[in-house]
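Here is a briefing to read beside the structure. Keep the model open and find each residue as you go.

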Amino acid sequence: MYLSSMLFLCLLAGVSLVSFLIMTFKDFSYFVEWEIVSFNSCSLVMTLVMDWKSMLFLSFVSLISGMVLFYSGGYMAGDLNMDRFMYLVLGFVFSMGILIVSPNLVSILLGWDGLGLVSYVLVIYYQNEKSANAGMLTALSNRIGDVAILISIGLMFDMGGWSFIFYNDTSKISDIGGLVILVTLAAMTKSAQIPFSAWLPAAMAAPTPVSALVHSSTLVTAGVYLLIRFGPSLGGVSKFILLLLASLTMFMAGLGANFETDLKKIIALSTLSQLGVMMVILSMGFYNLAFFHLLAHALFKALLFMCAGSVTHHAGGSQDIRMMGGLIYIMPLSITSMNLGNLALCGTPFLAGFYSKDLIIEIFFSSFMNEFCFWLLALATGLTVCYTFRLIYYTVSGDYNLASLGCASDSDYIMTWPMICLGAGSIVGGAFLSWLIFPSPYMVCLPLGLKLLALGVSLLGGFVGYVLNLMTESYQLSSLKNYKLLNFVGSMWFMPFLSTYSSSYMFLTTGQKYHQAGDAGWLEFYGAQGAYSGFMVCSKYLQLAQDNSVKVYMVMFLVWLIFITGSLI
Amino acid sequence: MLVLKPHHGLFLITLLAGLLIAVSSSSWFILWMGLELNLMSFIPLLSSSENRYPAESALKYFLIQALGSSSLLMASTLSLFMSKAWTSIVLLSLLLKTGAAPFHFWLPPVMQGIDWFQCFILMTIQKIAPISMMSLILTNLSSLTLISSSILSATVGALGGLNQTLTRKILAYSSINHMGWMLAAISVNEQMWAIYFMAYSLITLSVVSIFSSKQIFHINQVLTTNIYPQTTKMMLFLSLLSLGGVPPLLGFFPKMMMIQEFMSSQLSLLWLSILLASALLTLFFYLRVANSSLMLSSLKTKYSLQTNLSNFILSSSLLNMSPALYPLLLLISY
């Protein structure tokens with residue numbers, strides 16, 4: 001099944017890539033619309049848009065998911081429900097496909113809800129309590145976005161149609177109060193921006209191939225893609241709030257990744273940080289740049305997760321980076337790919353991340369914004385390199401920390417081939433994309449200091465990240481002196497607690513009180529059990545009347561007869 | 001386990017003849033005669049030489065029915081000079097004969113002593129004649145008695161059944177409860193009563209045939225006896241749910257029609273709500289029969305005789321699913 005899925009998806013990727021190329025060079029797009037029902041001059045239509053954006057994104061999604069499905073043939077080998085897993089992942093890709101090709105809010109909701117549902121089912125794939133909690137957190141966080149989109153659909157009823165792409169050039173969308181804010185809210189939940197960030201690392205409970213797909217090109221990018229599509233209509237306060245929250249997300253995730261020891265969670269936090277970057281540049285109004293970074297990021301993030309999966313798969317199932325180290329000697333191919341992904345993530349020149357990230361940073365520096373966000377971006381850029389080099393120290397170059405008896409190796413070709421493919425993508429993808437998406441280069445004009453700032457913070461971050469984590473005997477863990485601060489920073493600014501306990505505490509306690517007073521209290525006593533015991537008492541008295549001889553029954557009849565007849569005479 | 005003896009055929013024929021005479025009679029005397037014939041041929045059906053319980057039941061049944069018949073005969077002569085009261089006497093005696101509350105006391109003890117086949121006749125066929133006679137004497141005066149009896153029957157049937165652990169008594173109280181519905185049905189119109197009675201008879205047939213084939217007399221036996229094929233279990237519970245009036249099944253539809261008739265013919269809603277509440281209570285004790293064996297435990301005794309259901313029992317149980325075919329009525333009507 002993994003082979004056929006891979007072939008099918010790669011075929012889809014090829015077809016959509018070719019149509020992307022044709023559409024880019026000939027400059028046209030297809031728009032298919034099917035009117036389902038029309039009432040009150042408001043038409044409900046199923047719309048498919050095939051322009052260069054959707055085709056390119058579709059080709060990336062199907063390429064990456066094809067690779068991931070092939071990879072899961074090795075990763076999930078021996079799993080009892082492997083077919084179910086494959087179908088679920090295919091359902092995921094299908095939902096994402098619907099979301100990509102629909103410029104209509106109603107049909108977007110189909111894909112959007114499909115993503116939410118399948119992501120829940122995939123997060124709880126391994127059936128334990130942790131997965132169940134993570135899945136519930138994921139589903140409910142995403143549910144906020146679903147509700148926002150549903151309300152937006154209600155609001156868009158005003159416009160006589162839900163194909164927002166028609167109205168992007170006019171001011172109609174921003175005229176409807178709250179619509180833009182709601183759509184932004186929906187995108188922020190799906191892309192895990194700051195108040196809703198907690199679900200993203202929690203969703204790491206899913207099998208690694210799912211994480212590779214979710215965090216590269218499908219679930220979390222859906223929000224960014226929605227805003228890219230909605231782009232021209234964004235404006236005003238929602239743009240500003242988005243800028244602020246996205247910068248904070250970027251910084252928070254970058255910082256948090258430096259204190260995390262779970263391999264997958266580090267990569268998840270780096271995804272969060274990169275989503276912040278996309279959102280930042282999106283809120284500045286550069287939609288194509290955000291789209292560019294989205295695609296380039298998809299390539300190397302899928303690669304990173306695949307390598308991480310390979311490492312955990314072979315390193316005895318543990319995801320703790322303190323249990324790894326020196327892996328380059330044991331599994332050179334996986335670790336080389338991981339390094340490649342990591343370097344691309346840092347924006348090392350001429351790898352995939354460089355073209356998009358460097359461009360984003362420079363465009364950001366050269367445009368009009370506030371200083372707070374400026375420093376957050378600069379710091380986050382440095383922090384990305386910092387946690388990357390920390391990861392490199394822990395897994396690649398440090399001391400061998402695995403179990404003394406192990407069989408970690410790169411021997412599974414089903415897992416290594418997709419890595420090699422995506423590794424090649426991570427090397428050349430950025431350059432190709434920049435040539436294809438931008439017909440003419442951006443003009444960036446910066447003073448020398450700003451131009452070198454990105455390079456400077458990256459070098460500094462890399463140095464700090466590597467050196468601060470060096471560790472041998474008799475070193476002291478001086479970070480323990482600031483334990484409270486560390487706890488705050490390392491736990492995503494308490495967001496997992498805030499979005500689980502704080503939102504449920506009041507409702508659960510109130511519910512418990514109501515339950516105690518009502519369902520398990522008065523209502524039970526005077527309701528169900530009271531009725532039951534009352535009826536049983538009545539039944540007992542009836543039984544008392546019943547336990548008599550036939551003579552008594554007959555006398556009773558005669559008494560009734562005389563009584564009723566007598567009253568009538 | 002249906003055991004028919006040669007004389008059963010004869011007495012069944014005379015029983016039905018008595019019923020027909022009573023239903024089609026034009027004078028109270030002929031009616032009395034038909035009822036007597038019916039009674040006299042039911043007594044030999046009840047009694048058995050191998051067991052003393054049926055004999056006791058037959059005696060009780062005879063005494064009660066004789067009292068009812070004699071007061072009916074008395075009323076028919078009184079009709080000459082007591083123009084108002086005699087209908088009440090007739091009504092009361094007919095209520096006694098059908099076993100409607102407050103004259104229901106004889107029904108559970110009589111049913112407890114006889115076999116399932118006789119129980120079935122007692123619960124269904126023996127009710128046709130008195131109830132159809134009742135519909136003839138409904139006046140403003142007697143209908144008050146009828147309403148009271150209907151409400152009492154529904155309540156007593158529902159409450160009395162709560163304490164029972166014997167299946168025959170449960171069905172007896174269920175019968176009393178349904179009497180309440182049928183008395184309500186005859187005050188709507190006769191057709192309504194016919195529909196209700198037909199549905200009730202079919203459902204009772206399906207319940208009784210399973211109880212009879214597995215010889216279940218106590219609700220413990222539902223759990224522990226050899227209800228081996230799972231289909232039997234399913235059929236039993238389907239029938240019980242249908243008896244309680246659970247929506248997709250046959251038992252629901254006469255009740256729904258009753259509700260509609262009550263609404264359209266401006267009858268008392270209090271009456272209807274008491275009937276409905278009592279139906280809920282009966283559903284509770286039907287479910288109690290089913291619940292332990294359906295939900296909690298599936299005991300399979302390996303040494304039990306593995307008897308499959310006969311086609312008759314299977315088809316009578318499947319009758320409860322007949323509402324599934326109702327959409328086919330569209331084919332006829334269009």
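Ala192(A) is buried, with 29 other C-beta atoms within 10 Å. Here "buried" means 20 or more other C-beta atoms within 10 Å of a residue's own, "exposed" means 12 or fewer, and "partly exposed" is in between, with C-beta atoms placed from the backbone. This is a predicted model: local features need pLDDT of at least 70, side-chain atom pairs count only at pLDDT 80 or more, and totals for chains, interfaces and linings use all residues. Residues are numbered from 1 along each chain as its sequence is written, while chains are lettered from A and ligands numbered from 1 in the order in which they are written.

**Backbone details**

- Ala192(A) has a positive phi of about 55°, although it is not a glycine.
- This residue sits in the loop between H8 and H9 of chain A. Helices (H or I, at least four residues) and strands (E, at least two) are DSSP runs, numbered from the N terminus.
- Asp27(A) is another residue other than glycine with a positive phi, near 60°.
- The loop between helix H1 (2-26) and strand E1 (30-39) of chain A holds Asp27(A).
- Asp27(A) is exposed, with 9 other C-beta atoms within 10 Å.
- In chain B, the peptide bond from Ala101(B) to Pro102(B) is cis, with omega near 5°.
- Pro102(B) lies in the loop between helix H4 (85-98) and helix H5 (107-113) of chain B.

**Domains of chain A**

- Chain A is assigned domain 1 (1-233), domain 2 (235-496) and domain 3 (510-568). Such bounds come from an automatic or database domain assignment.
- The C-alpha centres of domain 1 and domain 2 of chain A lie 23 Å apart.
- In chain A, 41 residues of domain 1 are in contact with 42 residues of domain 2. Contact means C-beta atoms, placed from the backbone, within 7 Å.
- On the side of domain 1 of chain A that touches domain 2, the largest share, 11 residues, comes from H2(A).
- That side of domain 1 of chain A has 24 nonpolar, 16 polar and 1 charged residues. Ala, Val, Leu, Ile, Met, Phe, Trp, Tyr, Cys and Pro count as nonpolar, Asp, Glu, Lys and Arg as charged, and the others, Gly among them, as polar.

**Nonpolar cores**

- The largest nonpolar core has 167 residues. A nonpolar core is a set of buried Ala, Val, Leu, Ile, Met, Phe, Trp, Tyr and Cys residues joined through C-beta atoms within 7 Å.
- Its largest share, 18 residues, comes from helix H14 (residues 287-314) of chain A.
- Domain 1 (1-233) and domain 2 (235-496) of chain A both give residues to this core, so the core lies between them.
- Ala290(A) is among the residues with the most contacts inside the core. Not counting residues up to four places away in sequence, Ala290(A) touches Val224(A), Ile228(A), Met278(A), Ile281(A) and Leu282(A).
- A second, separate core of 99 residues includes Leu92(B), Ile114(B), Met133(B) and Met182(B).

**Helix H2 of chain B**

- H2(B) (residues 28-46) has 19 residues and reaches 27 Å from its first C-alpha to its last.
- This is close to the expected 27 Å, taken as 1.5 Å times one less than the number of residues.
- Its buried residues include Leu31(B), Gly34(B), Asn38(B) and Phe42(B).
- The buried residues of H2(B) pack against helix H1 (6-23), helix H3 (52-78), helix H6 (116-123) and helix H7 (125-134) of chain B.

Key
Two residues are in contact if their C-beta atoms, placed from the backbone, lie within 7 Å.
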